[in-house]
Amino acid sequence: MELWLRNLLILAAFRYECRGEDSVIQTPGDVTATEGEQVTLDCQFHTLDTNPYLFWYKQGANDFPKYMLRRATFGSDNAIEFQRRFDAHLNLTTFKSASKSVPLSIQRL
């Protein structure tokens with residue numbers, strides 16, 4: 001294989017597969033609310049991807065994570081048991097350095 005072609009393939013693989021710059025930050029601590037109220041759980045993220053997919057999962061003690069919902073630039077999805085009271089809005093900005101978020105709102109606790 002020609003040296004230039006091998007180097008081009010290595011560069012292409014590095015550009016499209018190495019995505020270590022993505023990160024997700026959730027506010028630590030408990031959220032307290034009264035029964036029947038609404039609560040919002042914050043989730044900030046950073047990515048250079050122009051069409052990110054963000055997922056929310058619920059995990060109980062000694063249990064596996066359970067899929068709740070997905071939000072993307074074009075489309076969304078909620079698991080059947082999380083359709084009525086759970087919602088999230090994907091907040092994107094045009095600035096690469098600005099924070100982005102996908103807060104989860106839970107109705108009627």
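I start with contact, which I take as heavy atoms within 4.5 Å. This is a predicted model, where local features need pLDDT of at least 70, side-chain atom pairs count only at pLDDT 80 or more, and totals for chains, interfaces and linings use all residues. Residues are numbered from 1 along each chain as its sequence is written, and side-chain values use heavy atoms, with hydrogens and water left out.

**Entry 1: Y53.** I looked up what Y53 touches: R70, R71 and A72, not counting residues up to four places away in sequence. Y53 lies in strand 4 (residues 53-58); strands here are DSSP runs of E, at least two residues, numbered from the N terminus. From Y53 to T73 I get 7.5 Å, C-alpha to C-alpha, across 20 residues of sequence. Is Y53 buried, partly exposed or exposed? Its relative accessible area is 46%, so I put Y53 down as partly exposed (buried is under 20%, exposed over 50%, partly exposed in between, with a 1.4 Å probe and protein chains only).

**Entry 2: aromatics.** I searched the whole structure and got 4 aromatic pairs. Rings of Phe, Tyr and Trp (its six-membered ring) pair if their centres lie within 6.5 Å; planes under 30 degrees apart are stacked, over 60 edge-to-face, and the rest tilted. F55 and Y57 have ring centres 6.4 Å apart and planes at 35 degrees, so I log this pair as tilted. F55 is partly exposed at 42%, and Y57 is partly exposed at 45%. With Y67, they form one aromatic cluster.

**Entry 3: the core.** I looked for nonpolar cores, meaning buried Ala, Val, Leu, Ile, Met, Phe, Trp, Tyr and Cys residues joined through side-chain atoms within 4.5 Å. The largest has 15 residues, and W56, M68, L69, F86, A88, V102 and L104 have the most contacts inside it. Strand 3 (43-46), strand 4, strand 5 (66-72), strand 7 and strand 9 each supply at least two of its residues. I checked A88 too: leaving aside neighbours within four places in sequence, A88 contacts W56, L69, R71, V102, P103 and L104.

Entry 4: I found an open sheet of 3 strands, order 2-9-7, paired antiparallel (two strands pair if DSSP finds at least two bridges between them). Strand 2 and strand 9 (residues 104-106) pair over 3 bridges, and T40 stands opposite S105 in strand 9.

Terms used: Helices (H or I, at least four residues) and strands (E, at least two) are DSSP runs, numbered from the N terminus.
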